[in-house]
Amino acid sequence: MEEVRVFPLACVVQKYAWGKVGLNSEVAKLVLGGDPQAVIENDQPYAELWMGAHPKGDALIKDNRISQRTLGQWIADCPGCLGSKVKDTFQGQLPFLFKVLSVNNALSIQAHPNRELAARLHAQFPEHYPDSNHKPEMAIALTPFEGLCGFRPVEEIIGFLKSVPEFHALVGNEAAEELQSSTGDAVRQSLALKKCFTRMMNCEKKVFVDQLNMLVKRVSEEGAAGKDTSSSNGELLLRLHSQFPGDIGCFSIYFLNRVILQPGEAMFLGANEPHAYLSGDCIECMACSDNTVRAGLTPKFIDVSTLCEMLSYSPAPASSKIFPSVQDPSDPYVFLYDPPVPDFTVMRIQVPGSVKQYTVSPVDCAGILLVVQGEAAASSAGSLSDMALTRGSVLFISANESVVLHVTSPAGMTLFRACCLL
């Protein structure tokens with residue numbers, strides 16, 4: 001059974017309501033590229049493509065020599081495929097879930113707990129926090145990708161408190177004054193910021209709905225009159241309100257940085273980092289967990305008190321949220337996104353058109369390879385036969401296996417590889 005160590009995967013599509021519809025979705029395009037017989041429904045959202053062994057979306061192995069098995073079943077039977085370090089460190093489990101996301105509407109104001117908090121939440125509320133693992137995430141843009149991430153510099157928040165009276169009304173005079181007087185003292189500033197955010201998030205519903213309706217009416221009228229509404233973050237406010245009318249999360253845009261990633265740029269979302277995805281297509285890699293603490297812009301369970309208590313109240317500019325990739329010193333075509341957690345690393349492999357044969361190097365851990373652009377015939381000692389790769393193809397590569405790509409596309413190839421470099 002273990003002789004086949006490199007094989008293609010049929011991955012799971014999640015049709016969440018916030019996803020892009022039909023072939024507007026990068027997920028749908030990749031699905032169709034990987035399987036030209038796939039039926040793409042133009043009225044259906046194609047939100048996420050799950051590439052991994054998560055129990056809620058375990059990929060199916062596409063290899064006739066292996067009877068109908070999922071990747072999770074394969075790993076359970078052949079844990080050595082993970083590599084010895086990963087197998088021992090993560091108890092024989094693939095430690096990450098690799099995804100493609102196509103976002104049309106906002107995905108909740110949220111944060112993910114560290115391991116200690118995750119264990120406590122799971123013990124207390126297992127119906128809402130189904131495991132005890134942490135859930136760091138990384139998003140890498142495939143198209144211009146928009147999100148909220150981390151608290152803005154305090155000067156920007158104070159600016160909105162002055163220019164958006166409806167926002168100021170929810171925070172209150174006392175908390176707003178504390179924030180203004182805390183500049184220059186990082187500890188006081190963090191405490192004041194927590195107080196402001198917590199006051200807003202805990203407002204009575206009637207109060208914040210009334211203020212939100214007043215704000216939307218004012219911004220709409222100003223926009224219709226041709227006025228500049230940027231001092232109220234008007235365009236984003238109206239967009240979020242159209243998606244989630246009457247939701248307190250609409251006010252979060254005055255606290256959190258708006259980050260727009262260009263293709264290839266990334267942001268890393270560690271424990272306790274407030275964030276929300278707003279629009280665009282991205283590669284995502286995350287630790288295998290379902291633990292998400294939400295507090296707005298979502299129909300799902302919200303836990304305002306836990307979110308307000310757990311967040312990292314560390315203001316910083318939007319530019320600081322862009323996570324850099326680093327060129328691999330041993331391979332000029334590989335760019336590493338290596339976050340400060342052990343669970344995963346992502347590689348972007350950019351093979352130029354001038355290169356007709358490229359070797360995906362072996363590493364001491366299992367990995368998943370996604371073709372985003374280009375075509376090749378792939379061969380590996382671990383696959384026992386050649387495999388045709390096209391846009392949307394997904395391969396599982398066991399530890400210490402290499403794959404040779406005989407590139408046939410004139411423009412070269414773009415691939416992403418998720419693995420765990422301990």
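This is a predicted model: local features need pLDDT of at least 70, side-chain atom pairs count only at pLDDT 80 or more; totals for chains, interfaces and linings use all residues.
**Stop 1: H112**

Is H112 buried or exposed? H112 has 0% relative accessibility, so H112 counts as buried. The cut-off for buried is under 20%.

H112 sits in the loop that runs between β6 (107-111) and α4 (115-124).

Show what surrounds the side chain. Setting aside residues up to four places away in sequence, H112 touches K135, E137, A271, N272, H275, N291, T292 and M310. Keep E137 and H275 on screen. Both return at the next stop.

**Stop 2: the listed binding site**

Which residues does UniProt list for "binding site"? An unreviewed UniProt entry gives Q110, H112, E137 and H275. Next, display the largest pocket. Its lining includes Q110, H112, E137 and H275.

**Stop 3: H275**

Move to H275. H275 belongs to strand β11 (residues 275-287). Its relative accessible area is 1%, so H275 is buried.

Show the contacts of H275. Apart from neighbours within four places in sequence, they are S108, I109, Q110, A111, H112, E137, L148, C149 and L269. Look for Q110, H112 and E137 among them.

**Stop 4: the nonpolar cores**

Select F98, F396 and L405. In the largest nonpolar core, which has 75 residues, these three touch the most other members.

Zoom in on F98. What does F98 contact, leaving aside neighbours within four places in sequence? The list is L49, W50, M51, I283, E284, C285, V346, I368, L370, F416, R417 and A418.

There is also a second, separate core, with 54 residues. Select A175, F197, L212 and L256, which are among its members. In soluble globular proteins, nonpolar side chains tend to be buried together.

**Stop 5**

Now turn to charged pairs. How many salt bridges are there? The count comes to 24.

Start with R5 and E401. Their side chains meet in a salt bridge, at 2.8 Å from N to O. R5 lies in the segment before β1 (6-10). E401 lies in the loop between β20 (394-397) and β21 (403-407). The two are 396 residues apart in sequence, so the pair ties together separate parts. Both R5 and E401 are buried.

**Stop 6: R69 and D77**

Select R69 and D77. They form a salt bridge, with the closest N and O atoms 2.0 Å apart. Compare the two ends. R69 is at 15% relative accessibility, so R69 counts as buried. D77 is at 46%, so D77 counts as partly exposed.

**Stop 7: E174 and K195**

Select E174 and K195. This salt bridge has its closest N and O atoms 2.8 Å apart. The pair links distant parts of the chain, 21 residues apart. E174 is in helix α7 (residues 173-181), and K195 is in helix α8 (residues 186-201).

Check the accessibility of each. E174 has 43% relative accessibility and counts as partly exposed. K195 is partly exposed as well, with a relative accessible area of 22%.

**Last stop: a network**

Finish by selecting E146, E235, R239 and R258. A network of salt bridges links these four residues.

How values were computed. Residues are numbered from 1 along each chain as its sequence is written. Side-chain values use heavy atoms; hydrogens and water are left out. A nonpolar core is a set of buried Ala, Val, Leu, Ile, Met, Phe, Trp, Tyr and Cys residues joined through side-chain atoms within 4.5 Å. Buried means under 20% relative accessible area, exposed over 50%, partly exposed in between (1.4 Å probe, protein chains only). Contact means heavy atoms within 4.5 Å. UniProt positions are given in the numbering used here, feature names are shortened, and annotations may be inferred rather than shown by experiment. On a 1 Å grid over the protein atoms alone, a cavity is a set of points where a 1.4 Å probe fits but cannot get out, and a pocket is an open set with protein on both sides within 12 Å along at least five of seven lines; lining residues have an atom within 4 Å of a point. Helices (H or I, at least four residues) and strands (E, at least two) are DSSP runs, numbered from the N terminus.
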